[in-house]
Each structure stands twice: as structure tokens, then as C-alpha cells.
Amino acid sequence: MRRTELFKNESIAVFDCRCEAGPHDKPYAEQHGAYSLSYVRKGSFGYRVNGTSHEMVAGAFLVGRAGDEFVCTHDHACCGDECLSVRLSPALAETIGSRAWGLGRVPPLPEMMVLGELAQASVNQHHNITLDEACLLLAGRFGELGGQKSRRNTVSARDRRRAVEAALFIDAHADQPIDLALLACNAGLSEFHFLRLFAGVVGVTPHQYLIRARLRHAARLLAEEERPVTNVAYDSGFGDLSNFVRTFHRAAGVPPAKFRQAAKGDRNILQERMAVAH
């Protein structure tokens, strides 16, 4: 694991984490030394904590609780895992609230992913929202999730691999038409069984994951580039501009054009959410 510190103050520390471990690397137990939220930007890996197993795919968040012992596994060969990891001080973690810290994983949720992309864009210095501001927004939104208990994953290793490979396929082809029949065929399962399997492993349905993969890409383009919103919609896989605007607005809380303004430093747009994290 290569961990590069990007930012640190009394409240948060932010790291770029990259792991090249694969199926032949033996997993080992570790312990969370702090409360943390790690946004999975690329790749996939397994995460076992508190008797539950989670498959981490792009768009998901690994939830670390100080003192918890965990194991990361890399059963699925791919091109490496990349995470943007935010460590929170005990005081900030307490301010946010403790109900969600036992989740272990947050599946790809639109409102979390767009803030993850906003934070990553600030790392890349493509906008004027500072990294600490973006991470505080992210932490505040996490605190609003509540504490739904994670379900124990009893799916076989082979079926977990099928679901993760499908998620990787969706990530790589999100700008193209993808339907349930294609994914089920690739996995060698009926549509009914594939749908249940994918939702059980990834935490969202294949269609939800596809839309959220497109939203991640769109948020990245809006924050980092100046191309027109219409082009962003089509380049991200949305075939209809009005549908894109509605979907993005529901995810980010603001329409695409205002999200871009926020990324350029318009604090008024994000002020209400910033208050949650302070």
C-alpha cells in the first residue's frame, strides 16, 4: 500500500492510497487507528470487519471506526485499487455522530459520490474549493446517513467474483448502453438470479450502479473541465439532457451548472451543507 499525505490539520488528514495487491498476496489483520472515510475511486477489494464481509467497488466508501480490527482481501485481479481516504479527529467524529460508524461500508450513493469527486478534483487542483472544505462536506453528509445495520454476506466466493466483475465492466463501459440481460449473460446467470446476486454483494441494483457510475463521471467532468453541460451529459452516458439534470440535481442537491459554480469557489451554494460538519 502506498499512502501519500495530501492535507492535515487538527480536524482531518487526507491521504491518497494506492494498492497493487492481488489474489496471490496473503491478507493480514490490521486495526483502524482513527475514524475514517475512504472513497473508492478505482478497482475493487474485499473488506472484512466486525464479522461482516463487504465488496468494495468504485463509488463505495470504506467506513473505518477507531479500534476496529479489519482485513482487506484482493481476490479479484484488476489494475489496482485507488482510494481517497479522509481521517477524522475524535472530536469531529463525535460531532458528526456515531450511528453510522458501524456500517463498515457505504454502497455507491449519489449524494456521497458527487462529494467524493469534488474532493478528488480539489486534490487535482481543478477548482477553488479547498480540500478541507470538500472533506468536511463529505463528512457532514455521512453523518446524515444514520446507522442501518450491515447484513452478513453469505454469498460464495465465486458469486462475489461474478458481481464484482460485473461492477468493473459497468465502470469501464458506463458511457455505453448496458442492460440487465447483457450483464446476466456475461455472468452466466438468469436475469433474476443475477439481479439478486449483484444487489446483495454491491448494495445497489445493476441499473442503480450504472446510473451512479455515470454520475461519478459527470461530477468529475463538471468539477475539472469547462465543457458544456449538454456535452457532459452525453459523454457520461446520459441520452437525455433533462433526465441528466434531474438525476444530478437529486444526487448533488444542486443542478449541474450550480455544482460547477460551487467547484469554482461559490461558497454560498455549499454553505448550508458546510454547517452540518462544523
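User: What counts as a salt bridge here?
Analyst: A salt bridge is a side-chain nitrogen of Lys or Arg within 4 Å of a carboxyl oxygen of Asp or Glu. Keep in mind that this is a predicted model.

User: OK. Which residue does E111 form a salt bridge with?
Analyst: With R141. Their closest N and O atoms are 2.9 Å apart. That is within 4 Å, so the pair counts.

User: Where do E111 and R141 sit in the chain?
Analyst: E111 is in helix α2, residues 110-123. R141 is in helix α3, residues 131-143.

User: Is R141 buried or exposed?
Analyst: Buried. R141 has a relative accessible area of 13%, and buried means under 20%.

User: How many salt bridges does a search of the whole structure find?
Analyst: It finds 13.

User: Which residue meets E82 in a salt bridge?
Analyst: R41 does, at 2.8 Å from N to O. E82 lies in strand β9, residues 81-88, and R41 lies in strand β4, residues 35-42. So the pair ties together parts that are 41 residues apart in sequence. E82 is buried too, with a relative accessible area of 14%.

User: And what about D16?
Analyst: D16 forms a salt bridge with R18. The closest N and O atoms are 2.7 Å apart. D16 is buried at 10% relative accessible area, while R18 is partly exposed at 28%.

User: Which residues do shared partners join into one network?
Analyst: D16, R18, R41, K42 and E82. Salt bridges that share partners connect them.

User: New topic, the sheet. What is the strand order?
Analyst: The order is β1-β2-β9-β4-β7-β10. These six strands form an open sheet with antiparallel pairing. The edge strands are β1 (2-8) and β10 (105-106), and each pairs on one side only.

User: How many bridges join β2 to β9?
Analyst: Eight. Strand β2 covers residues 12-19 and runs antiparallel to β9. C19 stands opposite D81 in β9.

User: Last one, E30. Where is its place?
Analyst: E30 is in strand β3, residues 29-31. E30 is partly exposed, with a relative accessible area of 29%.

User: Which residues does E30 touch, leaving out those up to four places away in sequence?
Analyst: D68, E69 and F70.

User: How far apart are the C-alpha atoms of E30 and V71?
Analyst: They are separated by 6.1 Å. Along the chain, E30 and V71 are 41 residues apart.

How values were computed
Residues numbered from 1 in each chain as written. Predicted model: local features only at pLDDT ≥ 70, side-chain atom pairs only at ≥ 80, totals over all residues. Heavy atoms only, no water. Buried < 20%, exposed > 50% of the residue type's maximum accessible area, 1.4 Å probe, protein only. Helix = DSSP H or I, 4+ residues; strand = E, 2+ residues; numbered from the N terminus. Pairing = 2+ DSSP bridges. Contact = heavy atoms within 4.5 Å.
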